[in-house]
Amino acid sequence: MNEPRRVEHQLTDKGYVPVYTTAVVEQPWSSYSRTDHEVWATLFARQQELLKGRASEEFLRQQAAMGMTADRIPKFDDLNRVLRKATGWELIGVEGLLPELTFFEHLANRRFPVTWWIRRPEQLDYLSEPDLFHDLFGHVPLLMHPVFADYMAAYGRGGVKAHGIGQDALVNLTRLYWYTVEFGLIREAGGLRIYGAGILSSKGESIYCLESEAPNRIGFDLERIMRTRYRIDTYQKTYFVIDSYEQLMSATAPDFTPIYARLAGQDSFPAGSVQPGDTVIHRGTGEGWLDDGDV
Ligand code: PHE
Ligand code: CO
């Protein structure tokens, strides 16, 4: 078999261009360099320490149960034995970003795509696309949790459906993914904890999302989230807070088709706005926010 490629964005005269690939690849575990394993070890140890008392207890518990450790990059095959038994999910290796429909179809079939390659040492704090550390450390532990595992598969089925409905529906659904799976907070242990993978794999945002006065923290509301633009190149201006994974599951269970139809005629909200009807847990000061760039 050919060695898998490392598919990254390209910088052209039109600026940053994401590159998509559909290949499913075998994890080339023996080709990871010492530097690759060291990058994993450094990030793993750093986040583990930081996330005590910050990450959802479910995330920490499931991560330990999976047997991921700092000493070396985990083998997908080893994790899969545990994961399949727990919730029927399995990890598949990919080379980079997937086209939307391909991604949804994998999720709907309980296959979670994990980028096989890891960031370079000079990218420890930030890179502009998912890598092995983000995907594996951030996303995979909660796939061990029965309710969250069902949510992710339901999301995949919902994605296939939204793709058939049209671009506006996809935009609405993508915002839900962003504000839950990637940047979600949960009420736990009398405070707020992190469950979003985009936060869990970022040192800076793990602190910022909980401790900074700048961002809004607002109670989960499905349609509100579906109308809210977001940031891809800065910390979020707003975080949405669920009460439990069961709430996430039940709030997203109804058929979204009529919701998409209703939202089609409505304006979107700026990422940092507070709206009438919001359950405001913390109203952000907006300090340090850039004015443009919501998507
Ligand atoms: N209920 C959603 C639909 O009908 C599917 C879905 C479930 C979407 C969970 C996201 C998360 O489209
Ligand atoms: Co992600």
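**Exercise 1. Which residue's side chain does a polar contact of 3.2 Å join to that of Glu 8?** Then describe the setting of Glu 8.

*Solution.* Before we start: this is a predicted model, where local features need pLDDT of at least 70, side-chain atom pairs count only at pLDDT 80 or more, and totals for chains, interfaces and linings use all residues. Residues are numbered from 1 along each chain as its sequence is written, chains are lettered from A and ligands numbered from 1 in the order in which they are written, and side-chain values use heavy atoms, with hydrogens and water left out.

- Step 1. The partner is Arg 120, whose side chain is joined to that of Glu 8 by a polar contact of 3.2 Å. A polar contact is a pair of N or O atoms within 3.5 Å; within protein, one must be able to donate a hydrogen and the other to accept it, and residues adjacent in sequence count only if both atoms are side-chain atoms.
- Step 2. A polar contact of 3.1 Å also joins the side chains of Glu 8 and Arg 6.
- Step 3. Glu 8 sits in the segment before strand E1 (10-12). Helices (H or I, at least four residues) and strands (E, at least two) are DSSP runs, numbered from the N terminus.
- Step 4. Glu 8 counts as buried because its relative accessibility is 18%; buried means under 20% relative accessible area, exposed over 50%, partly exposed in between (1.4 Å probe, protein chains only).
- Step 5. Not counting residues up to four places away in sequence, Glu 8 touches Val 19, Trp 117, Arg 120 and Glu 129, where contact means heavy atoms within 4.5 Å.

**Exercise 2. What volume does the largest pocket have, and which residues lie nearest its centre?**

*Solution.* 

- Step 1. Recall the idea: rolling a probe the size of a water molecule over the atoms shows where empty space is left. On a 1 Å grid over the protein atoms alone, a cavity is a set of points where a 1.4 Å probe fits but cannot get out, and a pocket is an open set with protein on both sides within 12 Å along at least five of seven lines; lining residues have an atom within 4 Å of a point.
- Step 2. The largest pocket has a volume of about 1600 Å³. Grid points are joined across faces, edges and corners, and a volume is the space filled by probe spheres set on the points.
- Step 3. Its lining holds 48 residues, with Leu 97, Ser 128, Pro 130, Trp 178 and Glu 182 nearest the centre.
- Step 4. Helix H7 gives the most to this lining, with eight residues.
- Step 5. By class, the lining of the largest pocket has 24 nonpolar, 13 polar and eleven charged residues. Here Ala, Val, Leu, Ile, Met, Phe, Trp, Tyr, Cys and Pro count as nonpolar, Asp, Glu, Lys and Arg as charged, and the others, Gly among them, as polar.

**Exercise 3. How are the rings of Phe 148 and Tyr 195 arranged?**

*Solution.* 

- Step 1. The structure holds 21 aromatic pairs. Rings of Phe, Tyr and Trp (its six-membered ring) pair if their centres lie within 6.5 Å; planes under 30 degrees apart count as stacked, over 60 as edge-to-face and the rest as tilted.
- Step 2. Phe 148 and Tyr 195 form an edge-to-face pair, because their ring centres are 6.2 Å apart and their planes stand at 75 degrees.
- Step 3. This pair links distant parts of the chain, 47 residues apart: Phe 148 is in helix H6, and Tyr 195 is in the loop between strand E7 (191-194) and helix H8 (197-200).
- Step 4. Phe 148 is buried at 3% relative accessibility, and Tyr 195 is buried at 1%.
- Step 5. Leu 142, in the loop between H5 and H6, is in contact with residues including Phe 148 and Tyr 195.
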